[in-house]
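Look at the chain below and follow its fold from one part to the next. The paragraphs after it take the strands in turn, then the ligand and the confidence of the model.

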Amino acid sequence: MKPIYEPKGKAKEYGDLAINLYTGCPHRCFYCFGPAVLHRDKEEFHSHVESRMGIVEAVKMQLHSEQITGKLIHLCFTCDPYPKGYDTFATREIIEALKNSGNHVQILTKNDGSRDFDLLDKDDWYGVTFTGADHRQEPGAIIGWSRGRLSDGAASGFWLRQRNWGSVPGYPASR
Ligand code: SF4
């Protein structure tokens, strides 16, 4: 498995490279393209969420074998790097591996990723998605207005993207 891939088409503007860390996402946004992109059953995608098998080791191996450094790596397109209510330690391990190899991360979440702010520096980006959607339309995510508050402690730049982030999971070919 080579989990680090180059986004294609419009998704490329979001980072040099990207990684999709989890098998699904519990946030259940009504506009989610994840199941369609991954050819997964929608209910299965939202209810069966875990880190992809061997993802941490695979990322470390690929970083080493391909000497990937100095890149901006986006987390994630077909999932959220902080799936609410699930074990997200793999995210921390992967951020550490990316930073230790001289790369930068660009995180986009609808949950709270503040636990990992200590790993970030001025060249990393932490983004929260504001869609303006009613919480019933994103029932598994934290409430929209509180996402901005949770980003206040970010050591990195605070990166705010507007509504069109809701369609981003549909852009890249997943790996
Ligand atoms: S946070 Fe992203 S991946 Fe998760 S359900 Fe919403 S749109 Fe899909």
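Two strands pair if DSSP finds at least two bridges between them. Helices (H or I, at least four residues) and strands (E, at least two) are themselves DSSP runs, numbered from the N terminus.

Two remarks on how to read what follows. Residues are numbered from 1 along each chain as its sequence is written. The model is a predicted one, in which local features need pLDDT of at least 70 and side-chain atom pairs count only at pLDDT 80 or more, while totals for chains, interfaces and linings use all residues.

The chain has 5 helices and 5 strands. Read along the sequence, they follow the pattern β-α-α-α-β-α-β-β-α-β.

How are the strands joined? Strand 1 (residues 17-19) and strand 2 (residues 72-75) run parallel, with 3 bridges between them. Here A18 has H74 in strand 2 as its bridge partner. Strand 2 is also joined to strand 3 (residues 104-109) by 4 bridges, and these two run parallel. One partner pair between them is L72 with H104 in strand 3. Strand 3 in turn pairs with strand 4 (residues 125-129) in the parallel sense, over 4 bridges. In that pairing, L108 stands opposite G127 in strand 4.

Strand 2, helix 4 (residues 89-100) and strand 3 make a right-handed β-α-β unit. A crossover is right-handed if, with the strands pointing away from the viewer, the path from the first strand over the helix to the second runs clockwise.

V105 lies in strand 3. V105 counts as buried because it has 26 C-beta neighbours inside 10 Å. Leaving out residues up to four places away in sequence, V105 touches I73, L75, I95, L98 and D124; contact means that the C-beta atoms of two residues, placed from the backbone, lie within 7 Å. I73 is 32 residues from V105 along the chain, yet their C-alpha atoms are separated by 4.9 Å. For the chain of 175 residues, 39% count as buried.

The ligand has 11 residues around it, of which C25, H27, C29, C32 and D80 come nearest. A residue is near a molecule if its C-beta atom, placed from the backbone, lies within 6 Å of it. C32 lies in the loop between strand 1 and helix 1 (34-38). C32 counts as buried because it has 23 C-beta neighbours inside 10 Å.

The last topic is confidence. The chain averages a pLDDT (the predictor's confidence in each residue, from 0 to 100) of 83, and 79% of the residues score at least 70. Over residues 160-175, pLDDT stays under 50, and the model has 44 contacts beyond four places in sequence for this stretch. Where pLDDT is low, the predicted coordinates should not be read in detail.

Definitions and conventions. Buried ≥ 20, exposed ≤ 12 C-beta atoms within 10 Å, placed from the backbone.
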